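The following note was prepared for a colleague who wishes to read the model alongside its sequence.

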Amino acid sequence: MPRPEQKEIQFTIDGREVRAIEGAMLVDAAKHGDVEIPFFCYEPKLGNPVGACRMCLVEIEGIPKLQTSCSTPVKDGMVVHTQTDRVHAAQNAVVEFLLVNHPLDCPVCDKGGECPLQDITFGWGRGRSRFIEPKRHFVKPLSLSPLVAIDRERCILCYRCVRFSQEVAEDYQLIFAERGAHTYVSTFDGHPYVAPFSGNIIELCPVGALTSKPYRFRARPWDIEGAGGICTLCPSQCNVQFTVRDETVMRVLARENDEVDDGWLCDKGRFAYQSIHVDERIAAPLVRDGGELREVSWERALSVAAGLARHRGRVGALVGGQATNEEGFLLQSLMRQGLESPDIDSRGRASVPLELGRALAAPSLQAAVPDLEFAHTVLVLGCEPLDDAPILDLRIRKGVRRRGVNLAIASARPSALDANAKLSLRYPPGTEAAFLAELAAALAGPPSSGDISALAKLLLEGGEDVVILWGERVAADALPTLLRIAERLGLSGRAGAGLLEVPSGANGRGLREAGVLPGVGPGYAPAPAGRSAAQIAAAAADGRLTALYLFQTDPVRELPDRALWEAALHRAALVVAHASVLTEGIREHAAVVFPAESHAEKEGTVVHPDGRLQRLRGAIGHPNQVRAGWSVLAEISARVGHDQGVLTSPMAWEQLVAAVPFYAGLTLQEIGGRGVRWPDRAQAAQMPAGSAPSAPAPPGGSASSAPVAGAPANGGLRLGSYRPIWASPEVEISPALKFTICRQHVELSPQDAARLGIDHGEAVEVSQLDGSSAAYSGEAGSQARGKLEGTRVHGTAAVRSGVPQGTAFLADGIAQDSANELTEAVVEVRKP
């Protein structure tokens, strides 16, 4: 939908003529006249103002009573006074009233030195109090959650935290309990406030009532400095500010960027910084010696890695989502030119042909993050924003709540957004192609009844601006039909509409543009044909590939078919890895491990899923013996006879820009701290045009209803998988997030649970039905086949009403009992 029209008006404040946007709140408009109005409760990100604190009272000519400037829209010709005796008296009274019960413990308060209440008391308070009675007391501090401590004596009842819980995150966990002077912030029945975004209330609190338990009493404002950065723990790529003291990250705050994150952070991005400074982190090179990984010098580790030259033409490489564009570019050059091996991939799942990949990445078809808020209709297809890119979940909720966006969900697994959606459709796992074929037919044919026809009607009649948010887990054979649907809806070239893919890795899009795909070079140029990730595993398992390069990824944990990857790593003569944590695959099979940088140490660039190039800057120095990833790649390249001439990260960036036509002319200075969306630049026309193969016709030619996920004929359950928000090695080694470590939960429908005699919370085991290892034959799959035949995944039953009958959902990417141990589409669930 069109963005709200902005019309400038003129008003007068304290005798100054000021121009501002009509309808802006007076407290914001006053800043254009260099006038500061104090406030506590006002926060535009929380929605409509509530005027709770009364601190922002001003005098407006023509209105007899003082008005709250946070809830008063500015109008043309308005005359405002902020310095009259009436205003000063009211502001003094509000400050005095707030301090009646507020403890004067600034020297020991974590908020001291960066506290709005302190600042406003000095600037707008009387400087003395007439109150001599005892103050109100509460037990303090209390654990509001494992991450947040609450000091109720300091609370000024500004409503910010409660409004965030109820109007932004929509978890509805925080409330105000009691009445009058006894009012306090609480949760229902005293349950801990455990939610994916709970840490935001710490930053919202204008006093020291809500504090971070990991940061509590760790530093004072005059001991620290702030450094901007990008969180690369998920594709949201939120802008953050690292609080640094003595080369140590002490906390992470939001660095507001409306085009990316809207000023919010998930708890993984806010608290997983602890993984940077724990003992479990790899901080020196490791080489396998006597069957064990031992710390060695950099010279020895580089010498072992240089042994890749002996495997020239027989090396496969996988690149994880936390790699920068520069690292991906250097590694693909090392592989293709230095080692004459075209087998490199950054997509963990089925590869996408070059022409189809170009068509999906076409600049004219790319939606931006704010479009999720302002579109007429948003279709979430085959992904769960809360798990895959949490901040996008908040943006969609905002669009539905404030703008009336028509939200539709089409996924195999129930979504956290189902309650906000006008239409929610389920399809069996892996059948996106059939679902989209029926949707395409419904869009092209006459109106009819059924869920898919209702979705087609919503997309056609809900408004012109349609955004389709889809995940990398959508089956590759469904993507041509997705392009056909986008064409039918007229999304190409339409501002405010388009496709927005959520990749599996944080920098998945940037790595593709840097050429980290089989058969795809930098800038989506053609490259020698190579193997996909799954093909690399098969080739390594049967000896066609003899060395593997793992850059910040562990395929045993991250990718489908765990048994095949274990066989591949076991068979490989040389496994070189970059990692910050010794996950199982690397611990058992790597011959050399280089310590990887954290996102607080890296220098380089990444690409947001909507095409925004963002810059990483080092907030702290490298601990111990850690070196920059780009420098290690450049050194290995030189040792195998392919000197790339890279001495600094900006030099690698310049080579990347020269190789990618649609980056032409981009500089690091232009990217700056806010980023640049390359699809909006004139050079985007240099993106090679793509095309999609013709999509198959819908089965049976019917589009009357959605595919029904009934139980398979053999009594088993269709297997679906998802990756939880907390499935990350960084989460597992962060002390504050230990309580979030993922355990396997087997999600079942109530009907299937009753049929199997399984209750919610009971222990269950999941196994593959007979014939599950038939796909493994010959020498290549002998080890994998042997492991699969005895595979049992154990977990806890989670009975959910939204799960389609005949389906079981398991988590992957977790340390134990991961869904990637299973390879068949149908599984058996039973009590152990």
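How many Å separate the centres of domain 2 and domain 5, taken over C-alpha atoms? The answer is given in point 2, after a remark on confidence.

1. Confidence. The structure is a predicted model. Its mean pLDDT is 93, and 95% of the residues reach 70 or more. Over residues 698-709, however, the pLDDT is below 50, although this stretch has 37 contacts in the model beyond near neighbours in sequence. Where pLDDT is low, predicted coordinates should not be read in detail.

2. Domains. The protein is divided into domain 1 (9-98), domain 2 (134-271), domain 3 (286-349 + 507-673), domain 4 (356-502) and domain 5 (709-830). The centres of domain 2 and domain 5, taken over C-alpha atoms, are separated by 34 Å. Ten residues from domain 2 and nine residues from domain 5 take part in the contact.

3. Helix 2 and helix 3. A pair of packed helices is described by the angle between the two axes and the distance between them. The axes of helix 2 (residues 85-98) and helix 3 come within 10 Å, with a crossing angle of roughly 140°. Angles over 145 degrees would count as roughly antiparallel; helix 2 and helix 3 are therefore oblique to each other. The crossing of helix 2 past helix 3 is left-handed. Helix 2 contributes Gln91, Asn92 and Val95, which meet Ile120, Thr121 and Trp124 in helix 3. By class, the residues of this contact divide into three nonpolar, three polar and no charged.

4. Helix 13 and helix 15. Here the axes of helix 13 (residues 432-444) and helix 15 (residues 479-488) come within 9 Å and cross at roughly 20°. Since angles under 35 degrees count as roughly parallel, helix 13 and helix 15 are therefore described as roughly parallel to each other. Their crossing is left-handed. On the side of helix 13 the residues are Leu436, Ala437, Leu439, Ala440, Leu443 and Ala444, and these meet Thr481, Leu482, Arg484, Ile485 and Arg488 in helix 15. The contact of helix 13 with helix 15 has eight nonpolar residues, one polar and two charged.

5. Helix 17 and helix 19. The axes of helix 17 (residues 533-541) and helix 19 (residues 562-571) come within 7 Å and cross at roughly 50°. Helix 17 and helix 19 are therefore oblique to each other, and helix 17 passes helix 19 in a left-handed crossing. Ala533, Ile536, Ala537, Ala538, Ala540 and Ala541 of helix 17 make the contact with Leu564, Trp565, Ala567, Ala568 and Arg571 of helix 19. The residues of the contact of helix 17 with helix 19 comprise ten nonpolar, no polar and one charged.

6. Backbone geometry. Most peptide bonds are trans, and most residues other than glycine have a negative phi. Lys140 and Pro141 are joined by a cis peptide bond, with omega about -20°. Pro141 lies in the loop between helix 3 (116-124) and strand 6 (142-143). Leu157, although not a glycine, has a positive phi of about 55°. Leu157 is placed in the loop between strand 7 (148-150) and helix 4 (160-168).

Notes: Residues numbered from 1 in each chain as written. Predicted model: local features only at pLDDT ≥ 70, side-chain atom pairs only at ≥ 80, totals over all residues. Heavy atoms only, no water. Axes fitted to C-alpha atoms, helices over the stretch in contact; angles between N-to-C directions. Helix = DSSP H or I, 4+ residues; strand = E, 2+ residues; numbered from the N terminus. Parallel < 35°, antiparallel > 145°, perpendicular 65-115°, else oblique. Left-handed = near helix turned anticlockwise from the far one by under 90°. Contact = heavy atoms within 4.5 Å. Nonpolar A, V, L, I, M, F, W, Y, C, P; charged D, E, K, R; others polar. pLDDT = per-residue confidence, 0-100. Domains from an automatic or database assignment.
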